[in-house]
Amino acid sequence: MEDREERGRRRARELRREQTPAEDALWARLRDRQVLGFKFRRQVAIQGYIADFCCPELKLIIELDGAVHLEEAQVAHDQNRDAYLKTLGYTILRFPNEMALLSGRTLVEDITRTLYHLRPSLRG
């Protein structure tokens, strides 16, 4: 029988093949160490959850949320998930899909500010 971690890895691979337009747009800005030289991964399985994007070095998770994340049950799920991931030391940033599609530069600026906050030595 397949364990929880293996199911998560398999599902993450599927999600990488089926990225949304918003995820494609953000990935184009995060990939290849474009943001302050940090490595980001996409659709990362973490303890049974899948993060849209993750910078493992700084334990930063970035989530892009569509309309489903406004539904009451999904809001509760997201809050529980985020609380659990925070206990593992992760910082979670959430942005609406529209921001990745329409304001990509602003979104990356927000991510960059968080990276500076997580690693103050970057300021020089």
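Which residue in E3 is the bridge partner of cysteine 54? In this predicted model, the partner of cysteine 54 is isoleucine 61. The two strands E2 and E3 pair in the antiparallel sense, over three bridges, and they belong to an open sheet of four strands with the order E1-E2-E3-E4, in which the pairing is mixed. Strands E1 and E4 are the edge strands, each pairing on one side only, and neighbouring strands of the sheet are turned against each other by 45° on average, direction ignored.

| Strand | Residues |
|---|---|
| E1 | 41-46 |
| E2 | 49-55 |
| E3 | 60-65 |
| E4 | 91-96 |

Helix H5, which spans residues 104-118, lies across E3 and E4 and runs at about 170° to E4.

The largest nonpolar core has 21 residues, and those with the most contacts inside it are Leu26, Leu30, Phe40, Ile62 and Ile111. At least two residues of this core come from each of helix H2 (21-30), E2, E3, E4, helix H4 (97-102) and H5. Once its neighbours within four places in sequence are left aside, leucine 26 is in contact with Phe53, Ile62, Leu64, Ala100, Leu107 and Ile111.

Conventions
Residues numbered from 1 in each chain as written. Predicted model: local features only at pLDDT ≥ 70, side-chain atom pairs only at ≥ 80, totals over all residues. Heavy atoms only, no water. Pairing = 2+ DSSP bridges. Axes fitted to C-alpha atoms, helices over the stretch in contact; angles between N-to-C directions. Contact = heavy atoms within 4.5 Å. Core = buried A, V, L, I, M, F, W, Y, C linked by side-chain atoms within 4.5 Å. Buried < 20%, exposed > 50% of the residue type's maximum accessible area, 1.4 Å probe, protein only.
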